Amino acid sequence: MQMNRIGRIQYVEVDFPGIPCSTQGFTTRHEGVSRPPYNSLNLGLNTQDQQATVEGNRSLLARAFGLSQGALVTPRQVHGSDILVISEPNEDFSHFLSVEGDAVITNQPNVMIGICVADCVPILLCDPTHKVVAVVHAGWKGTAAKLVSKTVAGMQSEFGSDPAQLFAAIGPCIQKCCYEVDEPVRKAFQQGGVAWDSCTELKSPGTWQLDLAAANRELLMLAGLPADSIQLSEQCVCCHSEQFFSYRRDKEESGRQMGFIMLKG
Ligand SMILES: [Zn+2]
């Protein structure tokens with residue numbers, strides 16, 4: 001992963017080596033039109049930033065990649081585990097914006113699917129054999145619910161993907177250094193059957209530092225992805241206010257960055 005620029009958009013570009021069928025990455029907060037505290041590329045529709053400004057930012061992102069704004073799809077995220085599957089061509093995909101879900105899978109070219117995050121983990125998946133891509137929003141609830149595993153299973157059942165042939169990128173998120181959690185999170189992980197000890201460090205009785213990215217990497221490997229097909233950003237969004245939004249840091253004044261992926265036509 002490395003910082004790149006397309007048009008005026010500065011983003012963390014993900015290169016899946018030898019895979020020319022998709023374009024993907026993670027946006028930063030730079031070069032949008034939102035005013036402080038949402039400066040400046042706030043892509044989240046459910047923030048207290050002005051709607052028209054957020055629309056403007058989303059349009060900037062879409063246009064930088066040669067798309068109309070109607071070809072940028074993010075579901076209505078609810079920290080759940082529903083997956084939106086887009087398997088038909090659409091002239092305008094914007095009606096999907098009101099569909100609840102925390103992951104999207106598509107085999108359609110020239111539609112950019114995205115997930116908005118502030119601290120949560122954005123995950124991108126690509127199946128170059130069947131030409132299928134997916135995005136996943138994994139906060140602690142989505143991780144405890146194994147949403148990334150469900151998404152891989154969805155790619156298998158809907159499109160015949162083989163997990164061993166998938167590529168994944170886990171984007172910038174809140175890292176272990178800044179992510180203290182307590183008992184309800186541990187309980188949810190245990191109920192979901194998600195590894196806890198290998199992804200946490202005990203801080204004091206009843207509080208832990210949680211490595212959400214590592215937990216999702218482990219889930220991807222359990223789902224059958226080879227370790228060397230999984231890329232992982234080590235950037236902490238909470239430590240880097242100059243680069244990223246963070247809800248834990250900025251609360252209601254936090255914008256949203258986006259993990260996005262698109263199949264080329
Ligand atoms: Zn940090």
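Me: Which residues of helix H5 are buried?
Reply: In H5, residues 212-222, the buried ones are Leu-212, Ala-213, Ala-215, Asn-216, Arg-217, Leu-219 and Leu-220. Keep in mind that this is a predicted model.

Me: And what follows H5?
Reply: Gly-224 follows H5. Its phi is positive, near 115°.

Me: Leu-220 is on that buried list. Which contacts does Ala-168 make, leaving aside neighbours within four places in sequence?
Reply: Leu-220 is one of them.

Me: How many residues are in the largest nonpolar core?
Reply: The largest nonpolar core has 78 residues. Ala-168 is among those with the most contacts inside it, along with Ile-123, Leu-125 and Val-135.

Me: Which element gives the largest share of that core?
Reply: Strand E9 does, with six residues. As a general point, nonpolar side chains tend to be buried together in soluble globular proteins.

Me: Switching to the sheet. What is the strand order?
Reply: The order is E5-E6-E9-E8-E10-E14. The sheet is open, has six strands and shows mixed pairing.

Me: Which strands are at the edges?
Reply: E5 (83-86) and E14 (230-232). Each pairs on one side only.

Me: How much are neighbouring strands turned against each other?
Reply: By 10° on average, with direction ignored.

Me: What joins E10 to E14?
Reply: Three bridges do. E10 covers residues 167-170, and the two strands run parallel. Ile-170 stands opposite Leu-232 in E14.

Me: Which strands does H3 touch?
Reply: H3 packs on the sheet and touches E5, E6 (103-106), E8 and E9. The direction of H3 makes about 160° with that of E9.

Me: Gly-154 next. Where does Gly-154 lie?
Reply: Gly-154 lies in helix H3.

Me: Is Gly-154 buried or exposed?
Reply: Gly-154 is buried, because 21 other C-beta atoms lie within 10 Å and the cut-off for buried is 20 or more.

Me: What does Gly-154 touch, not counting residues up to four places away in sequence?
Reply: Gly-154 touches Ile-83, Val-85 and Ile-105.

Me: How far apart are Gly-154 and Leu-202?
Reply: They are 34 Å apart in space, C-alpha to C-alpha. In sequence they are 48 residues apart.

Me: Now the backbone. What is phi at Lys-131?
Reply: Phi of Lys-131 is positive, about 55°, although Lys-131 is not a glycine. Most residues other than glycine have a negative phi.

Me: Where does Lys-131 sit?
Reply: Lys-131 is in the loop between strands E8 (121-127) and E9 (132-138). Lys-131 counts as partly exposed, because it has 17 C-beta neighbours inside 10 Å.

Me: What about Lys-146: where is that one?
Reply: In the loop between helix H2 (140-144) and helix H3 (147-159). Phi of Lys-146 is near 55°, again a positive value in a residue other than glycine.

Me: Is Lys-146 buried or exposed?
Reply: Buried, because Lys-146 has 22 other C-beta atoms within 10 Å.

Me: Last topic, cis peptides. Which bond has omega of about 5°?
Reply: The cis bond joining Pro-36 and Pro-37. Pro-37 is in the loop between strand E3 (22-27) and helix H1 (51-64).

Me: And which has omega of about -10°?
Reply: The cis bond joining Asn-39 and Ser-40. Ser-40 lies in the loop between E3 and H1. Most peptide bonds are trans.

Definitions and conventions
Residues numbered from 1 in each chain as written. Predicted model: local features only at pLDDT ≥ 70, side-chain atom pairs only at ≥ 80, totals over all residues. Helix = DSSP H or I, 4+ residues; strand = E, 2+ residues; numbered from the N terminus. Buried ≥ 20, exposed ≤ 12 C-beta atoms within 10 Å, placed from the backbone. Contact = placed C-beta atoms within 7 Å. Pairing = 2+ DSSP bridges. Axes fitted to C-alpha atoms, helices over the stretch in contact; angles between N-to-C directions. Core = buried A, V, L, I, M, F, W, Y, C linked by C-beta atoms within 7 Å.
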